[in-house]
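Here are my notes on this one, in numbered points. Have a look at the model first, then read on.

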Number of protein chains: 2
Amino acid sequence: MLAWLAKAFQRSTLMKKDIMQTNDPTLKSFIPTPPESHFPIQNLPFGVFSTAADPAPRVGVAIGDHILDLAAIAEAGLLNVKPEIFRQASLNAFIALGRPTWRGTRAAISDLLRADNLQLRDNQALRAKALVAQDQATLHLPVEIPGYTDFYSSMEHATNVGSMFRDPANALLPNWLHIPIGYNGRASSVVVSGTPVQRPNGQLKLPDAEAPVFGACRKLDFELETGFIIGQPNALGEPIDIANAEQHIFGMVLLNDWSARDLQQWEYVPLGPFNSKSFATSISPWVVSMDALEPFRAESPVQQPEPLPYLKQSGKNGYDITLEVSLKAGQSAAPQTICRTNFKAMYWTMVQQLAHHTVSGCNTRIGDLMGSGTISGSTPGAYGSLLELTWNGKNPLVLADGSQRTFIQDGDEVAMTGWCQGDGYRVGFGAVSGKVLPARG
Amino acid sequence: MLAWLAKAFQRSTLMKKDIMQTNDPTLKSFIPTPPESHFPIQNLPFGVFSTAADPAPRVGVAIGDHILDLAAIAEAGLLNVKPEIFRQASLNAFIALGRPTWRGTRAAISDLLRADNLQLRDNQALRAKALVAQDQATLHLPVEIPGYTDFYSSMEHATNVGSMFRDPANALLPNWLHIPIGYNGRASSVVVSGTPVQRPNGQLKLPDAEAPVFGACRKLDFELETGFIIGQPNALGEPIDIANAEQHIFGMVLLNDWSARDLQQWEYVPLGPFNSKSFATSISPWVVSMDALEPFRAESPVQQPEPLPYLKQSGKNGYDITLEVSLKAGQSAAPQTICRTNFKAMYWTMVQQLAHHTVSGCNTRIGDLMGSGTISGSTPGAYGSLLELTWNGKNPLVLADGSQRTFIQDGDEVAMTGWCQGDGYRVGFGAVSGKVLPARG
């Protein structure tokens, strides 16, 4: 018993030491990472990539403007994980190895990439094999996603939507302050950043029309979100306690929950959004680990009324992540920032979302994606959708070239980015972007 | 070109001949099947089973009170499909081989099971290997389900719900007659018949209470549904045309969409049901092929207003399937039928559901499950949920032992069954059942 306790203590201490070391702001890699890079040695997010020379998708870690090929590194005997775990088209097999392996692998990679470690730095043959320039690589969907759930956890967003479509005096529905409201999304159409998005067709009911018509969506929108990936599943009938919920999260991504507002308005009563959301959901290719985000914990908003006991959390469960959305209006235009906000303003936290999702006994699976819901701040420039930014089209955005936008036009490219600001470095998410193509004729 | 046409014609003729032969009402198997059996030679539904002697799950076909082990039959060289396709824990690999293979395999099995075919009938060694008594087998979830969608396609059900919770004078919402309304369900918690169902905990708001409380669901309900399984997927951005939609369906199952009415009532606005449905959805273990259902096509209700062109169907797209629900009130009681209805009354058909689901460009995957929505007839005894049967608890059901039910009690077992009545035989679905266990303490 004593031996077991000593071992457990040693392991937990080692783990904390691992995180502290990997997150040390003074750490430097031999791969140059300027202060504005999203991928310094303090981050080391996981993703799946391929190259023209080796078109088989495999697992890698972003470092500066490069990717470290973990299959190659494991084949060289430098990781405690079998190479075949990394010779996969998704992170799922790696994730299945469990939290100590995620942490140990990140620590080993951190060590290998340090400026003062010669092992990889001075091995030209291995560098040639294991380091790939990001602009030479194709990035794939990082996880196989068995289930996609989308929450609705920004009070500002829910208030804006309620004001627009229901009653400004009672914008929040009665359940909103008690439940981290969520719904099941469509997992099949989750795509990786860069995948073009075809404007959906569907049923629309025009104002004052008697009957709906069929046609291309006229109110195509983005929703700025983050998502988290389930790393440790729970069995059917066994809820995840909020105290342990964080242990179940592998990492976070950026997420664009593309939305067809006119389809949504007509279809969503009484069972929720369906075709208006199912045509595409884009996520960023790099999954940032919770360990890398650890230094950027932040207080989340005070919750009043107090949540029910199963949703009561302690400590800091928000994260200070600066988020931006840019719109590139066609081929010639420059991307223009149209939203700046921060994840830490979210009312309901990820651990609350997960505790609520499973309290019924609902099971989760490795790779399940949980979207935050649109992240809106309290000022108009911080609204995370065009619906809110233009107040359902009433106040068009005027772009730099003088053109206006109420909703997204064909040819527009929407890009979202996000990062945590450290002292002289950033732990970033890269970007999630998508260009809108015309509807199917 | 002529050769191609001749071949295509020959193939289509062969296929029709295959179906006509396999569905011949006069066909007899050497495995006895009394007229009320669900599994005569005219059915041959696919499932996944295991036995104590061979605990590896594998694919089988139900025949009478037996299962034909397709792995064993393929190993004996009697099927044009590799044995490893059947040595799987799901039908997905078999389904992926495509419609001609489903059809050809069913025809080959039909031939093999005929009373006048000696090949298996008189081969005692092969019979011992390949025929398993159903009561000696464990039946598993037949498909791996990447996505679960649930529709809401019974006008009687939607009208009942609208009358109870909204406005009896305008019970159907404005979109209902235009859209086969559906929502994304939770695929992770779909379980096979026989799996006990734990009463969920969650948030309830009691009438006149200021705030919600946490506790065990007090209004646990079933929903009588059927489901269909996607056999041929469509790619993202490529809708399934209604004229071809049926080609994409592998087969049908019975489905119980367990529902926590009190959780649902509090959570469902504005994004639809979530925890109230995600704790369990039960399906029957046998997937009845569309070919076996072919003789039981029926007119579906006249649709007024006429649906939009992408939802316009021709021919008979309903199916005459008698459905029953029984409740077994605890250990000692006998099962008691509490609902009798028919699938053919469904307003929206499966091909309309699938055309609508994908018209936005949403992709489907092999094994996707699409629920019909609660199937209610026009008379109280034909309502497919306790919510409707007891009118939200106002008119309790009185059971044979004198006890009453408003909603499901712990220890109750709900079983659903369904069949098509042929001339002297039935093409049936078997049953989907589940016993309710007390909530987690």
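1. Let's start with the contacts of His157(A): the residue touches Tyr152(A), Glu223(A), Thr374(A), Ser376(A) and Glu388(A), leaving aside residues up to four places away in sequence. Contact here means heavy atoms within 4.5 Å. His157(A) is buried, at a relative accessible area of 4%; buried is under 20%, exposed over 50%, and partly exposed in between, with a 1.4 Å probe and protein chains only.

2. Before going further, the ground rules. This is a predicted model, where local features need pLDDT of at least 70 and side-chain atom pairs count only at pLDDT 80 or more, while totals for chains, interfaces and linings use all residues. Residues are numbered from 1 along each chain as its sequence is written, chains are lettered from A and ligands numbered from 1 in the order in which they are written, and side-chain values use heavy atoms, with hydrogens and water left out.

3. What does the record say about His157(A)? An unreviewed UniProt entry places the feature "active site" there; UniProt positions follow the numbering used here, feature names are shortened, and annotations may be inferred rather than shown by experiment. The residue sits in helix α8 of chain A, residues 155-165 (helices are DSSP runs of H or I, at least four residues, numbered from the N terminus).

4. Chain A is assigned domain 1 (9-140) and domain 2 (148-437), with bounds from an automatic or database domain assignment. Their centres, taken over C-alpha atoms, are 29 Å apart. The contact draws 30 residues from domain 1 of chain A and 31 residues from domain 2 of chain A.

5. Those two domains of chain A bury about 2400 Å² between them, 63% of it on carbon and sulfur atoms. Buried area is the accessible area (1.4 Å probe) that two parts lose on being put together, summed over both. On the domain 1 side, His38(A), Ile95(A) and Arg99(A) supply 24% of the area buried against domain 2 of chain A, more than any other three residues.

6. Now the chain pair. Chain A and chain B bury about 5300 Å², 59% of it on carbon and sulfur atoms, and 59 residues of chain A are in contact with 59 residues of chain B. In chain A, Arg186(A), Leu271(A) and Phe274(A) lose the most area to chain B, together 16% of what that side buries.

7. How is chain A superposed on chain B? By a rotation of 180° with 0.0 Å of shift along its axis (RMSD 0.0 Å), fitted by least squares on the C-alpha atoms of residues with pLDDT of at least 70 in both. That is the relation of a two-fold axis.

Note on methods:
Helix = DSSP H or I, 4+ residues; strand = E, 2+ residues; numbered from the N terminus.
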